[in-house]
Amino acid sequence: MSPTPASTASDPLSSIDALIAALQTAGYFADRRLATAVFLALRLQRPLLLEGEPGVGKTELAKALAQVLGRELLRLQCYDGLEQREALYEWNYAAQLLHLRAAEGRGTVEEAEREVYQPHYLIRRPLLQALQAPAPGAVLLIDEVDRADEPFEAFLLEYLGEYQVSIPELGTVRAVATPLTVLTSNRTRELNDAVKRRCLYHWLDYPERERELAIVRARVPEAPAALAEQVAGFVHRLRSAPYAGHFQRAPGIAESVEWAKALVALDALLLDPEVVQSTAGVLFKQREDVAALSAELITEALSPEAA
């Protein structure tokens with residue numbers, strides 16, 4: 001079942017401002033550059049490739065778009081060794097075998113083969129589901145495409161360029177309604193130029209402090225105002241010079257939100273070095289980064305002069 005579209009004052013596709021406002025109702029605060037990229041992807045019916053550090057909101061954008069557009073969200077999670085059959089389709093071999101056994105002695109071999117290679121014996125995976133989704137179409141999230149290998153990228157080209165796929169036994173399957181396709185990449189490796197040429201491109205960076213504050217307030221409304229401001233400001237400083245050089249990976253937006261929830265659970269009203277150090281495992285996921293968040297660094301980053 002498709003999700004119910006968020007209540008908006010106007011059609012989210014009527015303008016970039018309307019799209020920004022609609023996304024905000026879903027708790028996603030897109031800046032104008034990102035909203036423009038999404039708007040053009042919808043208007044031009046082109047896939048959108050989002051690259052950026054982990055935790056900047058690439059996957060969450062696809063979820064928010066499915067909500068505000070009232071479309072079904074289909075997700076293909078990529079990984080090393082992902083095969084075409086896991087992305088597109090495979091045949092229900094057990095059902096086909098049962099059919100062949102039941103058909104023994106009836107008709108020719110050719111007729112039996114035609115009968116078992118029918119659409120109702122297909123097990124549809126995300127790409128085929130997206131092509132066959134009824135109007136207004138689905139939102140297809142091809143998540144962390146950089147984790148898949150190059151042969152899989154080559155396999156995607158027909159879908160990305162023409163919104164169609166070829167099934168040897170059935171022929172070409174074209175989109176019933178053009179899906180909104182969002183590819184995400186953490187840039188663990190460079191993607192093939194052929195994939196990039198078929199997509200609109202946007203580099204998604206960490207949000208500015210005010211936008212992150214709006215996200216924290218929207219996702220953790222129970223957080224005291226002063227605490228939310230401190231969380232947004234502190235995380236923003238950890239991502240900036242000179243503090244960023246101390247860490248292997250800066251906290252993402254998801255970590256900011258989880259940290260605010262953790263602080264609320266601890267009944268914290270304001271940040272202090274002790275509570276920051278005791279909850280460092282919410283902000284950072286590597287031992288070295290947790291260790292780098294020393295009491296001295298915390299005190300310096302919390303000082304008014306660092307703001």
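## A predicted fold and its contacts

Glutamate 210 counts as exposed, at 53% relative accessibility. That residue belongs to a predicted model. The side chain of glutamate 210 meets that of arginine 209 in a salt bridge, with N and O 2.7 Å apart. Arginine 209 is partly exposed, at 26% relative accessibility.

**The whole protein**

The protein has 307 residues, and 47% of them count as buried. Its secondary structure comprises 16 helices and nine strands.

**Helix α2**

Helix α2 covers residues 32-44, which is 13 residues. From first C-alpha to last, α2 reaches 18 Å, close to the 18 Å expected at 1.5 Å a residue.

Two details mark the ends of this helix. At the start of α2, aspartate 31 brings a side-chain oxygen to within 3.3 Å of the backbone nitrogen of arginine 33. Just after α2, glutamine 45 has a positive phi of about 55°.

Which residues of α2 are buried? They are Leu34, Ala35, Ala37, Val38, Phe39, Ala41 and Leu42. An α-helix has 3.6 residues a turn, so residues three or four places apart point the same way. The buried residues of α2 pack against helices α1 (16-25) and α3 (58-69). They also pack against strands β1 (48-51), β8 (180-185) and β9 (200-203).

**A hairpin of two strands**

Strand β6 (residues 164-167) and strand β7 (residues 171-174) run antiparallel, joined by four bridges. Together β6 and β7 form a hairpin, with three residues between them. Isoleucine 167 stands opposite glycine 171 of β7.

**Salt bridges**

How many salt bridges does a search of the whole structure find? The search finds 17.

| Salt bridge | Distance, N to O |
|---|---|
| Glutamate 190 and lysine 196 | 2.3 Å |
| Glutamate 210 and arginine 209 | 2.7 Å |
| Arginine 249 and glutamate 255 | 3.8 Å |

Glutamate 190 is partly exposed, at 44%. Lysine 196 is partly exposed too, with a relative accessible area of 23%. Arginine 249 counts as partly exposed at 27%. Is glutamate 255 buried or exposed? Glutamate 255 is buried, because its relative accessible area of 11% is under the 20% cut-off.

Glutamate 90 lies in strand β3 (residues 89-91). Its relative accessible area is 17%, so glutamate 90 counts as buried. Which side chain does glutamate 90 join in a polar contact of 2.3 Å? The partner is the side chain of arginine 125. Leaving out residues up to four places away in sequence, glutamate 90 touches Arg85, Tyr121, Leu122, Ile123 and Arg125.

**Leucine 127 and its neighbours**

Leucine 127 is part of helix α7 (residues 126-132). Its relative accessible area is 0%, and leucine 127 is therefore buried. Which residues does leucine 127 touch, not counting those up to four places away in sequence? The list is Leu76, Ala87, Leu88, Leu140, Phe155, Leu156 and Tyr159. One of these, leucine 76, is 51 residues apart from leucine 127 along the chain, yet their C-alpha atoms are separated by 7.9 Å.

**Cysteines**

A disulfide is a covalent bond between the sulfur atoms of two cysteines. How many disulfides does the structure hold? It holds zero. Cysteine 78 is buried, with a relative accessible area of 2%. Cysteine 199 also counts as buried, because its 8% relative accessibility is under 20%.

Methods: Residues numbered from 1 in each chain as written. Predicted model: local features only at pLDDT ≥ 70, side-chain atom pairs only at ≥ 80, totals over all residues. Heavy atoms only, no water. Disulfide = S-S within 2.5 Å. Buried < 20%, exposed > 50% of the residue type's maximum accessible area, 1.4 Å probe, protein only. Expected span 1.5 Å × (residues − 1). Contact = heavy atoms within 4.5 Å. Polar contact = N/O pair within 3.5 Å; in protein donor to acceptor, adjacent residues only side chain to side chain. Pairing = 2+ DSSP bridges. Salt bridge = Lys/Arg side-chain N within 4 Å of Asp/Glu carboxyl O.
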